[in-house]
Amino acid sequence: MIFCYYTFAVIFYIITAPFLFLLSFFKEKYKISLKSRFFLYKNLKQEYADVHFHACSYGEVKSMGCLFKQINNYRISVITNTGFNEALRHTHKVNFLPFEIFIPFWFKPCKVLVIFEAELWLMLVFMAKFFNAKIILINARISDKSQKKYEKFKFFYKVIFRYIDEVFAQSLKDKERLEALGAKNVIAYKNIKINNENKTTRKFLKLNSRLLILASTHENEEELILSKIELSENDKLIIAPRHPERFKKVEKILQTFCEKNNFSMQKFSNLNLNNNTLENEFVGKCLLLDSLGELENFYSISDIVFLCGSFVRNIGGHNPVEAAKYKNIIISGEYFFNQESLYSEVENIYICKNLDEINTYLQQELSYAKIKKQNDLLQIIQSIKEGLNAK
């Protein structure tokens, strides 16, 4: 199976490499990651570490911050640029995970491999087990939407789970689905993203106005919501796109909205916040948050958060916990299938199935979102340390 898979991966690479190379020049978000993953650009070496953490992107790496603190010698591999930058905040031992055909020659030994959620790369787990590492899958999930896809390739996932020693699933439902794919030693845990620490980097004072945030927006969401929303005289609005490569496009969308309603608009990158004096700088009606790592700072002073990624069908929602930690009213769309476990941990999330109802919510007295009891990570930490002590 391994030989057949590797051969198929080589053929796939030969066919797609020219297109991937061209794409790495034309798509801003791929310029570094594609070159590093598929052509090993500045990615030839990997440093030794006792524990290898692998995650996809920014949110996943951030969620493992509490685990990093428990390990003395670790490295991180990621898929995306945003994940890479977040990982660098924790350690200098960071790499993009290369495409499968390169991993056998690139992967350095480790004692424990920790994989986050659905990053199930066959050559990664095979090489880790080749070096006799303990392999742990944490925060594992299979959403309703993706279940049929997993079942279709059950034969493939059975091979992967043959090498994974322990699985911490987000829920009992996920545990049962993972076991049906061949996973062993599965524990019904909780979504560890609920344990994310508060990490504000600025201390803004609360505004006199009511502050609304369209948080982590995706393609089409800004236009959908802006076409319906009616801001009162005392409202200010912030749009925070999920991906930085969309900043310019969203700027034009927000400009059009402001011109239509005779509102003033600003960009966060143009504000002078040397002394965190937001009140003196954010004097317009609308603000484009065109910078990563700032959203939580605004959660700390906002009043209503439209949790996006849930108003269009194909994304599946985002983590509501960060916004809930700061006494925000949270309004979500109905498409949060990738975040069901986290939504179940937060009380008072208002699900808006009809965008025509948005202004009704804004005119009502709504309750703050509230997080249920957090889950400690002792069992996961203990599992990692058992793998370290076994060597």
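1. In strand 11, L287 is the bridge partner of I238. Strand 9 (residues 235-241) and strand 11 (residues 286-288) run parallel and are joined by 3 bridges; strands, like helices, are DSSP runs numbered from the N terminus (E, at least two residues, for strands; H or I, at least four residues, for helices).

2. The model is a predicted one, in which local features need pLDDT of at least 70 and side-chain atom pairs count only at pLDDT 80 or more, while totals for chains, interfaces and linings use all residues. Residues are numbered from 1 along each chain as its sequence is written, and side-chain values use heavy atoms, with hydrogens and water left out.

3. The open sheet is formed by 7 strands in the order 10-11-9-8-12-13-15, with parallel pairing, where two strands pair if DSSP finds at least two bridges between them. Strand 10 (265-267) and strand 15 (349-351) stand at the edges with a single partner strand each, so one side of each is left without a neighbour in the sheet.

4. Helix 12 packs on this sheet and touches strand 9, strand 10 and strand 11, its direction making about 170 degrees with that of strand 11. Contact means heavy atoms within 4.5 Å, and angles run from 0 to 180 degrees between N-to-C directions, with axes fitted to C-alpha atoms, for helices over the stretch in contact.

5. Helix 12 also gives the largest share of the lining of the second largest pocket, 5 residues.
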